[in-house]
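Here is a brief report on helix packing and the nonpolar core. Please look over the structure first.

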Amino acid sequence: MDSEKKIKWYMLAFMCFSTLWGFGNVANGYMYFNGTQVIFSWIWMFLLYFVPYALMVGELGSAFKDLGGGVTSWVQETTGSKLAYYAGWTYWACHVTYIASKGSGGLKALSWMIFQNAETYDTFPTRYVQLATLAVFLFFCWVASRGLNPLKKLATLAGSSMFVMSILYIILMFAAPAINPGGGYVHLDFSLHKLIPTFDLTYFTNLSILVFAVGGIEKISPYVNKMEGDASKEFPKSMIFAAVMVMVCAIFGTIAMGMMFDPKVVFASADSQTAYIANGSYWAFEKLGQYYGIGNALMMIYAACNAIGQFSTLVVSIDAPLRMLLDDKNARQYVPKQLLKQNKYGAYINGIWMVVILSGAIILVQIAMPGAAGVLAQLNKLNSVCMPFRYLWVFFAYIMLRRKSEKFPRSYRFVKSQGAAAFFGWFCFILTLVCCIMGMYSPDAKTMALNVITPVVLVALGVILPMIRKRQDQEAA
């Protein structure tokens, strides 16, 4: 490969940063962890979880540089096809809850664009909001069934725009007091007892929010072998630099939000916290516009970027994970033949129907929620419970790679010591699993039921499908 085609370490760091980070992570951290107290949690989460996670992914990418299947390929090579199927299934199944949340998020963003307030959307009857969400979801399922994916480039553009908006927010917020000294900012107390969180049940059951925020770094694994220079030195430097950038943004973003929102108001009641979880990011840009005397311009730009991002991600998430599962020759042998049926457009039509049934059921269940803001908060927590389950396969693949270390030559290793490698692999695996399980808890019985039943149903379905395929193969023999 020519030197100009190689990736410099700082370029990969910025790629990682822009892929991983967004303003929603800052807002969620602030709204779930008592304001600026989340800074402590961000620091230890980046140092103890994100950095080892990223460096393990680098070693996996280096070992399997010629494989394009990501986590599924890693599990296939280190164990076998059956577990590779479960890894692929988990990746797809996690998107069932993610898909269910995108329609609600998109409609919320459109509401802010049109009505420019939180009250209008939040006072709509939940029944009508969810029926509208279902209609949007079904429309994009139809788009996917036609083999169309017109929003893929928009998804990339929206993601980049949201990244730019999150950086812009921090810069503008820190400059605001100098430009508008009478803006009415909240006084920040940086005394130690105000920054150290209370380690109670609420704290530990919300940690899945932070795990969800920093996960998904396996997307950059293909680039470890395309780095300029010695990958064993350049890749760790790149990932540590990315972690520092993300940590700085998390800390300064949190401080910026602390200048706007008084935690006593945010956490005054459960309803208040729910409202801030659903609307906090929009209120942040609304206030920022007021500080600069430009009205709701910044909020509307943010809402437009978010709406495009939510809807484009919806259609991509319906199509891409399903294709990754059903196109894989190893996974196909465990999937019932009906799900492998493709229509004239090349779309897995019965697979899309399975998405319709599962994600549609989650959307309809939300009708039982008392308000539209409550729906968004519930789906946010459900995603934090389900989505990190796919990270477990990354750590499992890494543990198995190190057990069979001599079989897979690679130019980069996270650590030389087998003991240290096993420790970090198991530490990240157990931390992820514990956070997902504890994240299921909620004082609201309906929310907790959804958090528990959804992953159980998805896991059970993943176990049942190979049984059906086995019976089909026996009958055909």
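## Burial, core and packing

Gln-130 counts as buried because its relative accessibility is 0%, and the cut-off for buried is under 20%. The model is a predicted one. Gln-130 sits in helix H7, residues 126-145. Leaving aside residues up to four places away in sequence, Gln-130 touches Ser-104, Ile-363, Gln-366, Ile-367 and Val-375.

Helix H12 is also a buried element: 20 of its 28 residues are buried, so H12 is largely enclosed by the rest of the structure. H12 covers residues 231-258. From first C-alpha to last, H12 reaches 40 Å, close to the 40 Å expected at 1.5 Å a residue.

The largest nonpolar core holds 166 residues. Tyr-49, Trp-92, Tyr-169, Met-257 and Phe-261 have the most contacts inside this core. Helix H3, residues 38-63, gives the most to the core, with 16 residues. Phe-261 touches, among others, Tyr-30, Met-31, Val-186, Tyr-276 and Trp-283, not counting residues up to four places away in sequence.

Now the packing of two helices. The axes of H4 and H19 come within 9 Å and cross at roughly 30°. The crossing is left-handed. The residues of this contact divide into 9 nonpolar, 1 polar and no charged. The table lists the residues that meet.

| Helix | Residues in the contact |
|---|---|
| H4 | Val-71, Trp-74, Val-75, Thr-78 |
| H19 | Trp-393, Val-394, Phe-396, Ala-397, Met-400, Leu-401 |

Methods
Residues numbered from 1 in each chain as written. Predicted model: local features only at pLDDT ≥ 70, side-chain atom pairs only at ≥ 80, totals over all residues. Heavy atoms only, no water. Helix = DSSP H or I, 4+ residues; strand = E, 2+ residues; numbered from the N terminus. Expected span 1.5 Å × (residues − 1). Buried < 20%, exposed > 50% of the residue type's maximum accessible area, 1.4 Å probe, protein only. Axes fitted to C-alpha atoms, helices over the stretch in contact; angles between N-to-C directions. Left-handed = near helix turned anticlockwise from the far one by under 90°. Contact = heavy atoms within 4.5 Å. Nonpolar A, V, L, I, M, F, W, Y, C, P; charged D, E, K, R; others polar. Core = buried A, V, L, I, M, F, W, Y, C linked by side-chain atoms within 4.5 Å.
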